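Please open the model in your viewer and keep the selection tool at hand. This tour goes from one selection to the next and says what is there.

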Amino acid sequence: MGGLSAAQEALLHEILAKITGNEAHILRIFSFLLDDLHYYRPICSLSPEDALWSPWHRLIYTLLHGKKAEQRWIGACLVKISVCQNGESLIHHGTVWCQRLIALISEEEKDTVVRRACLSFIYIMLYSEGKAVCMRSFVTPFLGTFLKSLIALPSRNMLLTSTCIRSILDIIEVYPSICRPFVSGIRSMGVRAIKEHNMNEPDVQKGLFQILSRLHLCESKDYGGEKWNSGVLSCIFELHNIIDHFFEESENGRYTCSKVSEWEQEVFSEDFYEAIEQGLHRFEKYMQIMQQYLNQSTPYYVKIPCGQLFFLIFKVFGINTTSNTKLILDNKEKSVLLMKIPYFHLMTIELLTIMIQILGSNILPYLSGLVLHLSRLFSREKELIPLKVSIYNVFSTLFQNVGTSFSSSKLIDVVIQEALNDLNELLTISQQVSILNDKNESKKNKTSNIALNSSKFQKGYMENVTKASLNFISSVISYLPSGILSSVQRSLIDKTIISVALFPSLRKRLQKQIYNSLINNVISPGNTQAIILPHVIRIFQEAGKETDIFTYKMKNFNHIKFLTLDAIIHPRFPPLQRRFKEETLKEEEDHGRSEILQKTNEIYLKHLKNDNISNMSNIYHIQDNCNILKSQEKEVLNITQDTTSHSTIESEEKLKFSNKHIFKTFLNNNTQNKDLSENILQPLIKTIEEENNLNTILISKENESDNLSDTEIPTIVMEDSSSEE
């Protein structure tokens with residue numbers, strides 16, 4: 001190290017003076033001192049040769065052994081700062097610090113001091129990973145003692161359970177082999193979370209379940225995969241026991257497991273109401289443990305028991321109000337049990353969603369049975385909003401992973417129709433937007449397709465239902481094979497999405513879902529999209545005025561799809577040129593003239609002047625439309641005048657002869673445009689000559705304007721100079 005600079009030395013002197021000289025009010029100023037230590041980092045350059053090396057470490061030792069809890073808390077904080085900024089401090093004083101921190105955890109201390117001591121000690125252990133000297137000096141001698149103190153900590157003080165769990169989880173992931181002798185104690189602590197209701201806090205339970213699902217890491221690599229599989233099968237066995245306690249065996253028979261469950265089975269209460277609550281709590285907790293098993297990465301290959309997992313899922317989905325109960329219940333108890341069935345379904349759907357994401361295409365052998373069970377479940381319980389939203393979401397996840405494997409939409413027609421009804425109901429509640437209707441559809445079909453039921457919600461439709469239904473419809477369009485939807489279904493989907501998108505208030509609240517649906521609708525077209533594309537262009541043009549969609553940051557918004565949509569729409573509709581703000585401002589400053597077009601007009605005017613075309617002496621360029629304007633000296637018919645004005649026969653003849661004279665002069669003098677004269681101008685002159693030989697006198701204004709527009713072809717070729725070049 002280079003040693004302390006003058007500024008760092010002065011700052012460290014000031015910090016030492018403030019801490020030692022303000023013991024009574026040390027907590028008031030310590031937060032400011034921590035900021036100085038964090039931003040200016042004076043300890044980074046501290047070395048044993050500096051004069052402040054000993055005073056600094058002597059201060060930490062004094063604070064750790066202080067009489068007041070505030071002093072011990074500050075000492076634990078300074079330990080972490082010193083290790084973070086200067087590893088040499090740990091080498092020289094780490095042994096004393098570790099011993100004192102473990103003593104603070106084991107003693108009867110205040111919660112804040114124990115929590116701070118745990119975090120500082122864990123930081124030392126994580127810092128020592130991969131460093132041989134630190135591993136030998138601090139991890140091996142002190143980590144086992146620390147784990148013993150952690151396991152006993154929740155029973156001594158329940159408020160420190162979350163800190164204890166987080167510390168154990170970090171140790172298991174970094175030093176699993178050292179935790180091997182303490183697996184039984186850690187498991188018993190986790191089992192308490194399943195049995196006892198006083199540990200039902202979400203953070204505490206999630207941490208304990210993460211620990212239980214990672215205990216297989218403490219085994220050797222040869223037996224780690226087997227231990228993982230055994231833990232999953234134990235959870236499946238316990239879940240089957242809970243279902244079998246309340247309901248009769250399914251059609252497929254009773255579940256049998258060759259391995260003994262690792263969990264200690266507890267008998268249900270004899271009272272029905274207590275038993276059903278116990279069953280729901282245990283079912284939820286075992287489901288969460290199963291999700292933690294499936295959601296983690298392992299250092300070795302593991303075998304997922306897909307068949308047994310889907311057997312469990314189909315068994316739970318098969319439970320309904322007509323299922324036979326195993327217990328002898330009266331009518332009231334039976335009604336309570338039947339009311340709890342959707343809770344079993346909801347928790348199972350959460351597990352199924354994770355399985356679909358993990359298995360991917362490996363789910364194909366069970367796909368047909370899964371879709372059948374989900375469709376039946378949706379038909380039975382679609383009135384329950386949470387369950388409906390969950391089924392929408394699980395179908396969206398299913399389509400994203402294996403949507404191309406669907407060969408028919410018959411099983412999901414009910415779900416698609418209900419999703420469209422939900423969106424139409426939203427439109428009705430939101431002051432009714434008119435839905436685009438096909439002319440070929442009969443009135444009877446229209447009323448049946450948009451069957452709304454606004455009596456469910458009085459104040460408004462739930463936003464989560466709308467988001468889930470939009471995501472579901474979007475995934476149907478994007479991921480199912482083309483042609484799997486009937487033309488009637490696709491037409492109804494297109495109309496509904498456009499109707500929702502055209503409603504301004506809905507577009508604000510559901511921006512991400514609506515934009516994704518529109519993009520997927522264009523990128524995955526049906527048989528025809530004549531109705532959809534103009535509306536999509538208009539919607540995105542309006543959205544572009546409100547916010548820059550290309551740089552708008554929305555979670556999970558697919559900007560790649562949006563750029564693909566931009567590439568699709570732009571060449572298909574070239575007249576509808578979309579301009580960005582910078583280009584618009586630049587054009588306004590240049591008075592609407594592009595540089596290339598201006599140069600081309602100058603060359604063209606110069607060419608006409610050299611050819612002595614007197615009848616075209618005044619030609620002006622207007623960017624939107626290039627026309628020949630009336631000269632101030634000669635009164636020639638103005639093309640830009642109102643077409644409703646009546647022209648005489650003489651003016652018509654003068655115009656024709658003047659135009660004829662112009663084109664002949666142009667052909668005779670311009671030798672460079674020979675091909676252009678033969679292909680474009682010569683047929684026009686012939687047409688004028690034939691019209692002069694007609695005996696008819698009356699010529700309509702419409703024909704007159706058409707002839708004039710034909711004669712303008714040579715002069716308006718330059719309007720799109722980039723394409724002509």
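A residue counts as buried when its relative accessible area is under 20%, and as exposed when that value is over 50%, with partly exposed in between. Please keep in mind that this is a predicted model.

Next, select Phe-246 and Phe-268, both of which are buried. Their rings form an edge-to-face aromatic pair, with 5.8 Å from centre to centre and 70 degrees between the planes. Phe-246 belongs to helix α11, while Phe-268 lies in the loop between α11 and α12, so the pair links parts of the chain that are 22 residues apart.

Staying with helix α11, which covers residues 221–246, select Ser-234; with a relative accessibility of 2%, Ser-234 is buried. From the C-alpha of Ser-234 to that of Tyr-286 the distance is 9.4 Å, although 52 residues separate the two in sequence.

Now turn to the aromatic pairs, of which the structure holds 14. One of them joins Phe-30 and Trp-73 edge-to-face, at 6.0 Å between centres and 70 degrees between planes. Because Phe-30 is in helix α2 and Trp-73 in helix α4, this pair ties together parts 43 residues apart in sequence.

Finally, select Phe-378, Tyr-392, Phe-395, Phe-399, Phe-406 and Phe-472, which ring pairs link into a cluster.

Technical notes:
Residues are numbered from 1 along each chain as its sequence is written. This is a predicted model: local features need pLDDT of at least 70, side-chain atom pairs count only at pLDDT 80 or more; totals for chains, interfaces and linings use all residues. Side-chain values use heavy atoms; hydrogens and water are left out. Helices (H or I, at least four residues) and strands (E, at least two) are DSSP runs, numbered from the N terminus. Buried means under 20% relative accessible area, exposed over 50%, partly exposed in between (1.4 Å probe, protein chains only). Rings of Phe, Tyr and Trp (its six-membered ring) pair if their centres lie within 6.5 Å; planes under 30 degrees apart count as stacked, over 60 as edge-to-face and the rest as tilted.
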